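Dear colleague,

I am handing over the structure below, together with a summary of what was found in it. Please read the notes with the structure open beside them.

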Amino acid sequence: MAEIWSNWSGSLKFTPGELAEPGSEEEAKTIVEKALEEGRKIRVAGAGHSSSPLVVTNSVLLSLGKFKSVENVDRENSTAWIGTGLTVKEGGSKLLEHGLSLHNTGDVDIQCISGAISTGTHGTGVKLKNLSSMLIGCRMICADGQIREFTEEKDGKEFFDALRVSLGSFGIMTKMKLRLQPAFELERREWCTHTDNCLEHLDELISKNRNFDFYWYPRSDLVKLRILNEKGKGMQTLDYADCVEEKSGWAIDVLPKERDLKFDEMEYALPLEAGPDCFREVRKRIKDRFRKTVAWRVLYRTIEADDYHISPCYGRDTVTISLHQNAGFPFMEFFQSIEPVFLDHGGRPHWGKKHTLQSSAIRKMYPKWEDFFKLRAEMDPRGIFMNEHLEKQIFGLR
Ligand SMILES: Cc1cc2nc3c(=O)[nH]c(=O)nc-3n(C[C@H](O)[C@H](O)[C@H](O)COP(=O)(O)OP(=O)(O)OC[C@H]3O[C@@H](n4cnc5c(N)ncnc54)[C@H](O)[C@@H]3O)c2cc1C
């Protein structure tokens, strides 16, 4: 019997039937073949930072934490093959040695790049797509136990648009080919101001800066504005805000923040134009009902539209609004009270964060849901890469 497994925040705990950490692709293949023979299911975990039960299983839980290679770096075309055990921080610094960079990161760099890609993890920037957009090839242990290589060039855009955000339901990726950028530097400035100033200048803040987001602490009416640009570009001064932090350096070092404080989170992706009204409504509801009990922030970010079948940004430039509650504090009443506001504004839930939606509601949010469903069934007809959460709540297979 394996040890108890916990996600980062501690809100999910379970004991997998077996916890396997292979050292090579061949070893991973043997584990999959054995599971197939025994009729057991397999889930692959990244760094365990999702707080939805994506990797919860009483069968085999696979970690590829030893897969840390960076190979076939092509500086001319800014591509590289990387092992799927690399975190954003590890992958980012190894790629920097080759003069390459991810185009963006989320708020932290502790997720595996594979885990971040699989759930549509994003940073902020209205002209920047989520991290899944980097995936242009992979080696995968498939549902028949065979290892296959897929590339967008050979297998087509349609297949990759489904694979990019697929929650580990297509197979186990051991290596990924990423579309990268030549390494670049950014300047980071953080500003403090009143929420009303931020909302008044919101369009300009979003459109004139490479990366912009803001967060509001419910116990005050102040917000923190976070702005990153290439040197000398974007908004350099704000006459309605105080600059409280400045930093510059390689993008991969200044984009993510260090997070010691653990938390649970709900996040919804909304059409860009719905963002301000939704935020106002969320803010009012929190002030009316939860101001005394919610200590942590509400974060507002933007992402460019994509066309990946079940990406929360499918077909629309996007605003995301996320609610954070300190780990260990009750969060469900708070999240459930705000969730209908997100839904009223056309929200789609983040796959790796808390939400209460069922398949019947989720499938209506994605025009290409049925196409995704068909491809997933072709990749894994017997559902060996499923768990209860995916089968029941997300895909509605049972
Ligand atoms: C502190 C913190 C900050 C965060 N910040 C952001 C943020 O800024 N933006 C944002 O969008 N999200 C954010 N998240 C959410 C987080 O990025 C996602 O939940 C992400 O999927 C976690 O990656 P992971 O490596 O921990 O993967 P896991 O949570 O372990 O797994 C996620 C999914 O990836 C699949 N997967 C992992 N590896 C493979 C593989 N090799 N092959 C196939 N499938 C695989 C798993 O099966 C699972 O379905 C944050 C979470 C935390 C805890």
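Leu-167 counts as buried, with 24 C-beta neighbours inside 10 Å (a residue is buried if 20 or more other C-beta atoms lie within 10 Å of its own, exposed if 12 or fewer, and partly exposed in between, with C-beta atoms placed from the backbone). This is a predicted model, in which local features need pLDDT of at least 70 and side-chain atom pairs count only at pLDDT 80 or more, while totals for chains, interfaces and linings use all residues. Residues are numbered from 1 along each chain as its sequence is written.

Leu-167 is found in the loop between H5 and E11 (helices, H or I of at least four residues, and strands, E of at least two, are DSSP runs numbered from the N terminus), and its phi is near 55 degrees, a positive value in a residue other than glycine. Most residues other than glycine have a negative phi. Asn-72, in strand E6, also has a positive phi, near 45 degrees, but Asn-72 is exposed, with 12 other C-beta atoms within 10 Å.

In helix H2, residues 88-96, the buried residues are Val-88, Gly-91, Gly-92 and Leu-95. Seen down the axis of H2, they fall within an arc of 100 degrees, so they line one face of the helix (the arc is that of the directions from the helix axis to the C-beta atoms). They pack against strands E6, E7 and E8 and against helices H3 and H8, where contact requires the C-beta atoms of two residues, placed from the backbone, to lie within 7 Å. In helix H5, residues 157-164, Asp-161, Ala-162, Leu-163 and Arg-164 are buried, and their cover includes H3, strand E9 and helix H12.

Leaving aside residues up to four places away in sequence, Val-282 touches Val-298, Ile-321, Ile-338 and Val-341.

**Around the ligand**

Of the 32 residues around the ligand, Gly-46, Gly-106, Gly-115, Gly-168 and Gly-352 come nearest, a residue being near if its C-beta atom, placed from the backbone, lies within 6 Å. Helix H3 gives the most to this shell, with five residues.

With best regards
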